[in-house]
Amino acid sequence: MALDISRAAGTVLDVGNVAIARDSRMGGEMLSRAVTSGLLSTGCSVIDIGPAPTPTLQFMVPRLGCVGGIMVTASHNPPEFNGIKVMGPDGIEVSREVEGRIEDVYFGKTFRIATWNRIGTVGSYDRAVREFIDGVKRHIDIQRTQQRKLTVVVDCANSVGSLVTPQLMRELGCKIFSINSQLDGTFPGRNPEPIPENLVELSRAAVSVGADIGIAHDGDADRATFVDEKGQVLWGDQSFALIASRVLGKKPGSTLVTPVSSGRLIEDIVTQTGAKIVWTEVGSVVVSHKLKEIGADLGGEENGGVFYPPHQPVRDGAMTAAQVVEILAAGRESLSELIGELPRYASAKTKVPVPAEKKDRILDVLLRMTEGQNRVTLDGVKLIYGEGWILMRPSGTEPLWRCFAEGKSQKTADKLCQQGMKLIQEAIGRL
Ligand code: MG
């Protein structure tokens, strides 16, 4: 399967160099070799940058003049999973449309087959991590971080973040303690998803060494989750809000791109800084492409994925970590104090099982039912009220609709969530 996916990807990409990388998962090496063979057979050549974070590969693809990139990773998923991500010549994951073309070639077996004298060659590039770290540092006030000498604990989930972030933090003048930072595809330290239940050890370590901040990555280090000096895990939208307030505040009239699932906190920051918000469908790839298309200043997701286009328009855990460290170094306040200054909102979510044959038609009914209301209809229906908002979306994989709500209090959030659930049920009833 990996071989044929890469043959299909190579067929859709132009003939040229394709950079490849992998995370620390078992099977990463096996799959990279299949990917290499597949690409070579289409006439593409391979530049192997070895184990590296996804954002490091993405950073290198345009800089090495590649026609694309392939990352072997399953991101935040459990250890037994693996996957293949295809990037275009700009280093951004290919759009759904290009993915569709790759699928067509894969299923139709209409591969481009190079003649014997056009088969690609294999090379390697061992300066990727160094160049990537230098790339991140260009956007950070290093003098300031070096003066502040913050204490940082880094938890890299035994994967490729450990090749970049501890070294980057050291070069920013931080005192570093690292945990789960040797490469191990069995993920002995923790599950690679950086959510609170997997970060208990990081919280404890941060408190016990008196750290100013803890940083955790997922398996391919495109995301960073933070722990404050008290060991509290920050919500993704809180770190996103800190960065947004800094980036958007620096340049009046800037533009932020975020999916409709993002909450009121980010809207508050956008209002405070006089910036403009552009909503997208849910999914990091859509955000990346929109950032590039309109030349926006910042992108972000409520799960803690932050996109900083002056560096590159993709989620980047190391860049995100460096930005939060820089913000912390700029003042005397602790991370918990900075977070304490942000407005607080409560959220609620629920799912409504729907008959499979009605699932796709519910959207039309909901659109008619909510006509004229303050809403965003890019991906499901998002209703915006003074006291909060409701987002109703079909599940991508299951016969159900999901409903998310946010309000100033838990009571309001729960009430809005109930209201959304009733709307979905009413829509089902009308069909
Ligand atoms: Mg990831």
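Select R190 and D155 to begin: both residues are buried, where buried denotes under 20% relative accessible area, exposed over 50%, and partly exposed in between (1.4 Å probe, protein chains only). R190 forms a salt bridge with D155, and their closest N and O atoms are 2.9 Å apart; a salt bridge here is a side-chain nitrogen of Lys or Arg within 4 Å of a carboxyl oxygen of Asp or Glu. R190 lies in the loop between β7 (175–179) and α8 (200–208) and D155 lies in strand β6 (residues 151–155), so the pair ties together parts that are 35 residues apart in sequence. Helices (H or I, at least four residues) and strands (E, at least two) are DSSP runs, numbered from the N terminus.

This is a predicted model, in which local features need pLDDT of at least 70 and side-chain atom pairs count only at pLDDT 80 or more, while totals for chains, interfaces and linings use all residues. Residues are numbered from 1 along each chain as its sequence is written, and side-chain values use heavy atoms, with hydrogens and water left out.

Next, select E326 and R246, whose side chains meet in a salt bridge (3.9 Å, N to O). E326 belongs to helix α12 (residues 317–330) and R246 to helix α9 (residues 236–250), so this pair ties together parts that are 80 residues apart in sequence. E326 counts as buried because its relative accessibility is 7%, whereas R246, at 27%, counts as partly exposed.

Then display K85, E93, D220, D222, E301 and R315, which salt bridges with shared partners join into one network.

Finally, move to helix α4 (residues 96–108), where E99 and R96 lie three residues apart, about one turn of the helix. Their salt bridge places the closest N and O atoms 2.6 Å apart. Over the whole structure, the search finds 26 salt bridges.
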